[in-house]
Amino acid sequence: MKRIFSITALCLISSTLIGQDFLNGDLEGTILSISMVPPEWSAVPHTDPSCAANFAPGATPDLTSVNAPDVDLGLIGNPYSGNTFVSAIAANSYGSVYMEGIKQTVYGFMPDSIYEVHFHQAVVKQANMKDNSGSWAVYLDNTLVGISDPSSSPEAYNSTNFNWDNRSIVFTASAPYHIFKFFAKDNDDNGLIDEWDASGALRMGIDSIFITPWCNLNADLGHDTLLCAGDSILLSVTSAEADYLWQDGSTNDAFMVTQEGTYSVTVSNVCGVLSDQVFIEFDDSVQDLDLGTDREFCDGDSLILDLENPELNYLWQDGSIETSMIIKEGGYYWVEMSSENCTNHDSLFVLFKPVPEVVLPSDTILCAGQSMMLEANVDNATYLWQDNSTSPFIEVFQGGNYWVEVNENGCFNQANVSIHYLPLPRINFPKDTLLCLGQELFLNPQFEFSDFLWNDNNSTSETRTISEPGNYGLEVSNICGSDKDSIEVKFDDCKCFVYIPNAFTPNYDGRNDAFKVEYDCLFTSFDIKIFDRWGKLIYQSSNPDEMWDGSVNGKETPIGVYAYRIEYLSYGREPVIRTGTITLIH
């Protein structure tokens, strides 16, 4: 909140009320050292009747700016106006009492007339004086005429960004002149000078001091205010025979606030013009509390009430203070949710209903031609089977996963059974097989719910990996029948030699006239590509016995080096890719 004073109509007030104002009321001066005061002002000595300091250094205020008089101590700050202001200490530490203040004699008052002294104040702090709230005490001669409302500051002790608050004290002049004294005033009993005590000694700042005749002109909207969502506040600035102008153009003496924002008013009468503004903030942190309507659930279900904001405080009907509650039983449930400033409540009733009991047979194996009846009888219920039928029972003629969902009074339960139709075993081994040395043959008959017996070592394994020659027989049996089969497996050495020449002379002399790959194995796939020096494909074949005579489209190719890429796969081996060059010589 920053209040702006503009006295524009004082000409309408009797000139006899207008007194001499302060000299250098803006407290401007040049800082050469600590314990200085601005021109026209004096420090109130510790021997003054109004001063409680018990030694001379305890009554030495400081002219202060953003970079003086002592940056390391934090004895700096931002003035309200101009370049300097005065800061003073209020402390009582280990028998030493500090009560620092400034004074000035002002002339020209009309005795028995009412005046108002205005000033701006701020909490300044320093390294060993970190109290965050304080005021100024104003004396007229040796009489205390008022203590300003406290100001507070969260800023660090060396901040140059603290806020200034406007304050004023009303007094009645009793003589044509008075000595005004301003003392820093702590608003608590802790005056300890200690850098670790955040509520100890106080350093306050004062700036922009001036005097006006007092009249009934009110534009005080109060401090910035925090309201709970849904609340409202009436801002009232009633003054005698005044005109009002609010931020929205309305002209009443009061304004009802129902939403967040900055609100301002200008009040004017014969005393002058006075303006103020205030920020009204709404705390909506607890506004959205909603447990929902009363609910019905089925046994086995649960309801999670999760309020999802760990920064708030909660109190449930059972004394729990967690952010959430899991409800598994019927009953009446309520929660109180609160922030630092606001509280909200909500409640609901929860009912749990029984679920139907549904029983189907366990998983079953049937043989071809058999059938099975599945039945799920529950009184006063409806049914839905996997095939969308709605009868209490179905007859099964084929394998599959069968399920039924039963609905009783809105509560559902489901059961399922797997019916497996097992065929007669029919083994189908491959033909007798020849493998290369090092190869293996994997036999996997793939019969479910069956027993296996191999002929060579009475093994009952379902699969078999063969790496040695022999006759391998298997008998497979299950509840529906049995079957036998066997396979003869032989092994051979499957080496493969491939020779690729590196030059040929297609001059038709009967010697080395063509390029051909020599090999001594059986290819299951073969591909050869030949490229010229620019990477262009000029020959390709998938026949390993085909020869290239060095021509392209019936024309001789020039002498040179050509690149080849040959990819082949021989029986029982991994694919091979070979690349290189061949020289063509005429």
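**Exercise 1. Is Asp165 buried or exposed?**

Solution. The model is predicted.
- Step 1. Take the relative accessible area of Asp165, which is 17%.
- Step 2. Compare with the cut-off: buried means under 20%.
- Step 3. Asp165 is therefore buried.
- Step 4. Look for a charged partner. Asp165 forms a salt bridge with Arg167, with the closest N and O atoms 3.7 Å apart.
- Step 5. Arg167 has 7% relative accessibility, so Arg167 counts as buried.

**Exercise 2. Classify the two ends of the salt bridge between Arg565 and Glu567 by accessibility.**

Solution. 
- Step 1. Confirm the pair. The side chains of Arg565 and Glu567 meet at 3.2 Å, N to O.
- Step 2. Recall the classes: buried is under 20% relative accessible area, exposed is over 50%, and partly exposed lies in between.
- Step 3. Arg565 has 30%, so Arg565 is partly exposed.
- Step 4. Glu567 has 32%, so Glu567 is partly exposed as well.

**Exercise 3. How many disulfides does the structure hold? Describe each one.**

Solution. The structure holds 3 disulfides. Take them in turn.

Cys228 and Cys342:
- Step 1. The sulfur atoms are 1.8 Å apart.
- Step 2. The torsion about the S-S bond is about -105°, so this disulfide is left-handed.
- Step 3. Cys228 lies in strand 14 (residues 225-228), and Cys342 in the loop between strand 24 and strand 25 (343-353). The pair therefore ties together parts that are 114 residues apart in sequence.
- Step 4. Both Cys228 and Cys342 are buried.

Cys298 and Cys411:
- Step 1. The S to S distance is 2.0 Å.
- Step 2. The torsion is about -100°, so the disulfide is left-handed.
- Step 3. Cys298 lies in strand 20 (residues 295-298) and Cys411 in strand 31 (residues 411-422), so the link ties together parts that are 113 residues apart in sequence.
- Step 4. Cys298 and Cys411 are both buried.

Cys367 and Cys480:
- Step 1. The sulfur atoms are 1.8 Å apart.
- Step 2. With -100° about the S-S bond, the link is left-handed.
- Step 3. Cys367 lies in strand 26 (residues 364-367), and Cys480 in the loop between strand 36 (470-478) and strand 37 (481-492). The pair therefore ties together parts that are 113 residues apart in sequence.
- Step 4. Cys367 has a relative accessible area of 14%, so Cys367 is buried. Cys480 has 17%, so Cys480 is buried.

**Exercise 4. Which residues does Ser338 contact, leaving aside its neighbours within four places in sequence?**

Solution. 
- Step 1. Assign burial. Ser338 is at 14% relative accessibility, so Ser338 counts as buried.
- Step 2. Set aside the neighbours within four places. Ser338 is then in contact with Val286, Leu312, Asn313 and Thr343.

**Exercise 5. Describe the surroundings of Thr505, then relate Thr505 to Asp165 in space.**

Solution. 
- Step 1. Thr505 is in the loop between strand 39 (503-504) and strand 40 (518-519).
- Step 2. Not counting residues up to four places away in sequence, Thr505 touches Arg511, Asn512, Asp513 and Ile585.
- Step 3. Take Arg511 from that list. Its backbone oxygen lies 3.5 Å from a polar atom of the Thr505 side chain.
- Step 4. Now turn to Asp165. Thr505 and Asp165 are 340 residues apart in sequence, and 106 Å apart in space, C-alpha to C-alpha.

**Exercise 6. Which residues make the nonpolar surface patch of about 240 Å²?**

Solution. 
- Step 1. The patch is made by Ile114, Val170 and Trp214.
- Step 2. Val170 is in strand 11 (residues 165-172).
- Step 3. Val170 is at 39% relative accessibility, so Val170 counts as partly exposed.

Conventions. Residues are numbered from 1 along each chain as its sequence is written. This is a predicted model: local features need pLDDT of at least 70, side-chain atom pairs count only at pLDDT 80 or more; totals for chains, interfaces and linings use all residues. Side-chain values use heavy atoms; hydrogens and water are left out. Patches are made of residues with over 30% relative accessible area and no salt bridge: like charges are joined within 9 Å, nonpolar side chains (Val, Leu, Ile, Met, Phe, Trp, Tyr) within 5 Å. Accessible areas come from the Shrake-Rupley method with a 1.4 Å probe; for residues, only the protein chains shown count as cover. A salt bridge is a side-chain nitrogen of Lys or Arg within 4 Å of a carboxyl oxygen of Asp or Glu. Helices (H or I, at least four residues) and strands (E, at least two) are DSSP runs, numbered from the N terminus. Buried means under 20% relative accessible area, exposed over 50%, partly exposed in between (1.4 Å probe, protein chains only). Contact means heavy atoms within 4.5 Å. A polar contact is a pair of N or O atoms within 3.5 Å; within protein, one must be able to donate a hydrogen and the other to accept it, and residues adjacent in sequence count only if both atoms are side-chain atoms. A disulfide is a pair of cysteine sulfur atoms within 2.5 Å.
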